[in-house]
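Could you walk me through this structure, stop by stop? I have it open in a viewer and would like to know what to select next and what is there.

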Amino acid sequence: MNALGHMRQEPELLPDAIEAAAAVGPRVVCAAFVGDSQTRGVVRAACERQFPRHLVRDGGTREALEYLAENEPPRVLVVDVTDSQNPLNAMLPIVAAFSDETRVVAIGGVNDINLYREMVEVGVSEYLVKPIDEKTLLGAFSRLHDKPATRAPEPVAGRRSLIAVMGARGGVGTSTVALNAAWLIAEEQKRRVTLLDLDLQCGTLALALDIEPTRGLREALEHPNRIDALFISSASVKLGERLTVMAAEEAVDQDIHYDPPALDRLIHALHEQSDCIVVDLPRSAAGARTRILAAATAVVIVTDLTLPALRDSIRLLTLTRQLAPEARIVVLANRTEGRQNNVPRKEFERALGHPIDRILLEDGKAAAAAANSGKPLAAASPKSRTVASLRAVTRTLLPIERKTGPMRLLWWRRAS
Ligand SMILES: Nc1ncnc2c1ncn2[C@@H]1O[C@H](COP(=O)(O)OP(=O)(O)OP(=O)(O)O)[C@@H](O)[C@H]1O
Ligand SMILES: [Mg+2]
């Protein structure tokens, strides 16, 4: 018996794919979240017969989501949806967090053929109505391997996605997050991305990538009629097939005055050449910030856990909710290790009124390797755990969609 209590080895009843998965490591093959003790007992008995490594917990859709946010998706997920008023909506973020091989069995309280069809449409393999018995559940398990695996839906191509990354304090890793998110979307999600460093004077992206700084960006942002496709292609650097970078190093002897329509025009022109724009937003340019936030489809607030950072995270979050009410908001904590003056996570979250979606691990070795090679962290050290967290967060930044009958559903993938 291992640390998860009710797991044991009994491989003979496994479908092939599940058996193969079971052989490679201690990954949970089936995870079940069930709200009432009677159904939980049935699920536990069926799981013990069917799966070598399983866990059965008290819970429902919320607990399943929490589990998926922290763990590798299991091959089979059993979710009690009776904790939700709207089971279909509750299942959407769960489906979005699947791996390609996951099959889901939903257990509900409503016997409705339309709900059943909609569940199947969004990717649920089996929908069972309470009360269930062991035989019914085993029957559902045995049908799972005949069904095509639930495919994680792909991010929407061609939508005008703009990801704004901003830091609550200086040096918290904003540029690191922006650069790696852009690189991961371009290289792993295969989207055309433009990475725009709006700190025209002291931005670090050109330096980090060891590229020639963009010339003319300042004039363009002061004189919008200069912005056209020709300007953009001459003012940007292409890295690989899909990533384009605009990052300047303007003189530091004068303030830069962004002409707001110029910024709009630049964003419009960049949308023409890319599926997604990632903006590294400096803390100094308030005018640019409001303009970019208003156009953002996702906003990442990077913060450490100090009191000043909490104050400024609250202000940035409030501004984001005002200017980008529809945008996906992600709060990332970074540079938190080895500090005496951290606010405890729970208190930070309570004061902020938003969860910290991820805490990035400190990886000085990987950061140094990236800096020395002029590459993003994700390219220089793809196996770093910090990169794994960045990858999981980045997967949640582009909206995904699935057609359900006449409906088109758009939602955000959760970190998994
Ligand atoms: N998780 C991490 N582990 C180790 N080093 C990190 C981590 N995150 C960021 N760094 C390093 O911290 C330094 C500052 O990062 P970065 O330039 O991304 O911060 P920033 O918030 O953009 O700073 P600024 O406010 O100056 O724009 C860099 O040297 C970067 O490599
Ligand atoms: Mg920076």
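Predicted model: local features only at pLDDT ≥ 70, side-chain atom pairs only at ≥ 80, totals over all residues.

**Stop 1: the ligand**

Start by selecting ligand 1 and the residues around it. The shell holds 15 residues, and those that come nearest are Gly 171, Ser 175, Thr 176, Asn 334 and Arg 335. Colour the shell by residue type and you will find three nonpolar, nine polar and three charged residues.

Now zoom in on the backbone. At Gly 173, a backbone N or O atom sits 2.9 Å from an oxygen atom of ligand 1. Move on to Leu 361, where a backbone N or O atom is 2.9 Å from a nitrogen atom of the ligand. Asp 363 also takes part through its backbone: one of its polar backbone atoms lies 2.9 Å from a nitrogen atom of ligand 1. If you show the surface, note that ligand 1 taken alone exposes 630 Å², and that the protein buries 69% of this area.

Which elements give two or more residues to this shell? Select α7 (174–187) and α15 (364–373) to see them. Helix α7 provides the largest share, with three residues.

**Stop 2: helix α5**

Next, select Ile 113, Tyr 116 and Val 120. Together they make a nonpolar patch on the surface, with about 250 Å² of accessible area. Val 120 belongs to helix α5, which covers residues 113–122. Its relative accessible area is 38%, so Val 120 counts as partly exposed.

Stay on helix α5 and click on Val 122. Is Val 122 buried or exposed? Val 122 is buried, because its relative accessibility is 0%.

**Stop 3: salt bridges**

Side chains of opposite charge can pair when their charged atoms come close. A search of the whole structure turns up 19 salt bridges, and here are some to look at.

Begin with Arg 62 and Glu 63, whose closest N and O atoms are 3.9 Å apart. Arg 62 is exposed, with 55% relative accessible area, whereas Glu 63 is partly exposed at 24%.

Then select Arg 339 and Asp 304, a salt bridge with its closest N and O atoms 3.3 Å apart. Arg 339 lies in the loop between β12 (328–333) and α14 (345–352), and Asp 304 in the loop between β11 (298–303) and α13 (307–323), so this pair ties together parts that are 35 residues apart in sequence. Arg 339 is partly exposed, with a relative accessible area of 35%, while Asp 304 is buried, at 5%.

**Stop 4**

Finally, select Asp 312 and Arg 315. Their side chains meet in a salt bridge, 2.8 Å from N to O. Both residues are in helix α13, three residues apart, which is about one turn of the helix. Asp 312 is buried, with a relative accessible area of 9%.

Terms used:
Residues numbered from 1 in each chain as written. Chains lettered and ligands numbered in written order. Heavy atoms only, no water. Near = heavy atom within 4 Å. Polar contact = N/O pair within 3.5 Å; in protein donor to acceptor, adjacent residues only side chain to side chain. Areas by Shrake-Rupley, 256 points an atom, 1.4 Å probe, with all protein chains shown as cover. Helix = DSSP H or I, 4+ residues; strand = E, 2+ residues; numbered from the N terminus. Nonpolar A, V, L, I, M, F, W, Y, C, P; charged D, E, K, R; others polar. Patch = residues over 30% accessible without salt bridge, like charges linked within 9 Å, V, L, I, M, F, W, Y side chains within 5 Å. Salt bridge = Lys/Arg side-chain N within 4 Å of Asp/Glu carboxyl O. Buried < 20%, exposed > 50% of the residue type's maximum accessible area, 1.4 Å probe, protein only.
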